[in-house]
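Here is a short report on selected backbone and packing features. Look over the sequence and the structure before reading on.

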Amino acid sequence: MDKVVIIGGGLGGLFTGALLSKEGCKVTVLEKNQQIGGGLQTFYRKGIGFETGMHLLGGIRKGGSIYKLCNYLGIMDKITLRDVDHDCMDQITYLSDSKTYRVPEGKENFIAYFQQEFPEEAEGIRAYVEALYGIVDEIDFFYLRSEDTHVYSHREEFMWPADKFVAHYIRNQKLRDILSYMNPMFGGYEDHTPTYIHALINVLYINGPSRFVGNSQQMAEALKNLIEANGGKVIGGDPVVRINIEDRMLKAVYTQRGEVYVADKYVAAIHPAALLELTDSKAFPKAYRNRINEAPNSYSSFCVYVIFKPEAFPYINHTCYYQDNYGMVWHYDKYDSNTFPRGFMYMTPCENGQGTYASKMIINSIMPFSVCEKWADTTTGHRPKEYETWKREHIEKVLDKMELLHPGFRNKCEMVFASSPLTIRDFYNEPEGALYGLHKDCNNIAESQVSVYTKVHNLYMTGQNVNLHGFCGVPLTAINTAEAIVGLHTIVDKINGYNHED
Ligand SMILES: Cc1cc2nc3c(=O)[nH]c(=O)nc-3n(C[C@H](O)[C@H](O)[C@H](O)COP(=O)(O)OP(=O)(O)OC[C@H]3O[C@@H](n4cnc5c(N)ncnc54)[C@H](O)[C@@H]3O)c2cc1C
């Protein structure tokens, strides 16, 4: 069986490695960070664990595609999860009219809730939600169906800009805005983000989100253990610094520690721009390099982390979204230091043995990379004092808004610290600290994502820049990548067969 080296031990690299190792491939995963996991990684302050990039999980409830995949891999009993509140999966608060919406999960509940809030839009709301589900039903990939449909062979709405799609069904401006509240979960831009991305993310969460109990690292460790049990290796703390390509074949991978890895097949589970930095091979011509290096990335985030004083702040079993006003949700890429943050999402992640009170909170405010571009030449741990001051000021801006939502908030906090788009860039080696990789654009979809196949015959791509990002999109793409190596439809059929018997 093939020897496979995977560059990047994040969500995509580990899922691809797990699938290939189960197929009998001899897998080696190389991760630059000491701790593996990428978006699954958990870091600790004062003994409290914080997830870095995996707070809201879709598709992992029984019957969901990620549940089926994890069940097939035998890792479902190695991870502990919790449903968010069924009657309120998300809470959206607008400061401008002091209105809070408590959105229930489940297609019919979701429709009924908004029909009750906006009775004059009842017909449009049903038609909108039916269209969301209809669009997603056309995506075989999402339902683990081994068909070969292409993004261009869908209904016209599929590639409409998502904001126009919402406006097509809904007349009320406020409701248009509210129904777009999940934008930060996929980096939606007005006139650009394709409807199918909006539909996938919405359907995923309307069907019922989950969260990790304890931390997200448990999933990375479960995947690593599986790869190792199948005879593979997962090596952290050794970045790949160069790859050698000859005659459109990748010959070897070189790491910072001076190790050389040779395999039959290779998978790049990193941003395509990061891959291009590893080689000057003519296999990737100048035009391709320009395209990748100039392609817009999704926006980034300023993340505030809070450790609460004991028994000071209640545990909230769902995500909360905050917005100053209506009309901003498609414009999060615009930053103004006077008004920052105009909106954010916050959550109290779940601990083992979670009680009534929260020990921590994560607050994510969308922020374009350009805001901290002046420190782009600096790296983590070596940033100037001016940057630290800027960060502190922005923490205070976020806390000011939290005070409006939860009076006395500052007094409940024992420790508050933050990460910026620069942190995300350096931590994941993700250009511009993009939350979701390349920004998908309905005006130019072919140019805003990459294929599983590359110009190098034995090099494949996986991760959030192929198909869809996130906890659902990346593992599903891992199936595509693994199948490109071991044979089309082989793995999907096994996953479905296994779950059918289960
Ligand atoms: C702040 C934040 C919050 C998020 N919240 C959610 C959420 O709640 N739900 C959700 O579904 N998605 C969320 N996401 C998105 C999700 O984390 C990503 O879509 C997902 O992790 C992408 O998987 P990936 O494998 O493509 O990349 P990653 O998980 O980033 O993995 C890439 C890995 O490659 C490694 N690497 C890079 N270069 C090299 C090199 N040269 N050599 C070796 N290793 C290298 C990196 O260190 C990293 O570990 C969030 C992202 C961020 C940043």
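## Glu311

Glu311 counts as exposed, because its relative accessibility is 62% and the cut-off for exposed is over 50%. The model is predicted. Glu311 sits in the loop between strand S14 (300-308) and S15. Its phi is positive, about 50°, although Glu311 is not a glycine.

Most residues other than glycine have a negative phi, and most peptide bonds are trans.

## Ser98

Ser98 also has a positive phi, near 50°, and is a residue other than glycine. The loop that holds Ser98 runs between strand S6 (90-94) and strand S7 (99-103). Ser98 has 65% relative accessibility, so it counts as exposed.

## A cis peptide bond

The peptide bond between Phe340 and Pro341 is cis. Its omega is about -10°. Pro341 belongs to the loop between strand S15 (319-323) and strand S16 (343-347).

## Packing of H1 and H8

Helix H1 (residues 11-22) packs with helix H8 (residues 217-229). The angle is about 30°, and the axes are 9 Å apart. H1 is therefore roughly parallel to H8, since angles under 35 degrees count as such. The crossing of the two helices is left-handed.

Which residues make the contact? From H1 come Leu14, Phe15, Gly17, Ala18 and Ser21. From H8 come Met219, Ala220, Leu223, Leu226 and Ile227. Eight residues of the H1 contact with H8 are nonpolar, two are polar and none is charged.

Conventions
Residues are numbered from 1 along each chain as its sequence is written. This is a predicted model: local features need pLDDT of at least 70, side-chain atom pairs count only at pLDDT 80 or more; totals for chains, interfaces and linings use all residues. Side-chain values use heavy atoms; hydrogens and water are left out. Axes are lines fitted to C-alpha atoms, for helices over the stretch in contact, and angles run from 0 to 180 degrees between N-to-C directions. Helices (H or I, at least four residues) and strands (E, at least two) are DSSP runs, numbered from the N terminus. Angles under 35 degrees count as roughly parallel, over 145 as roughly antiparallel, 65 to 115 as roughly perpendicular and the rest as oblique. A crossing is left-handed if the near helix is turned anticlockwise from the far one by less than a right angle, and right-handed if clockwise. Contact means heavy atoms within 4.5 Å. Ala, Val, Leu, Ile, Met, Phe, Trp, Tyr, Cys and Pro count as nonpolar, Asp, Glu, Lys and Arg as charged, and the others, Gly among them, as polar. Buried means under 20% relative accessible area, exposed over 50%, partly exposed in between (1.4 Å probe, protein chains only).
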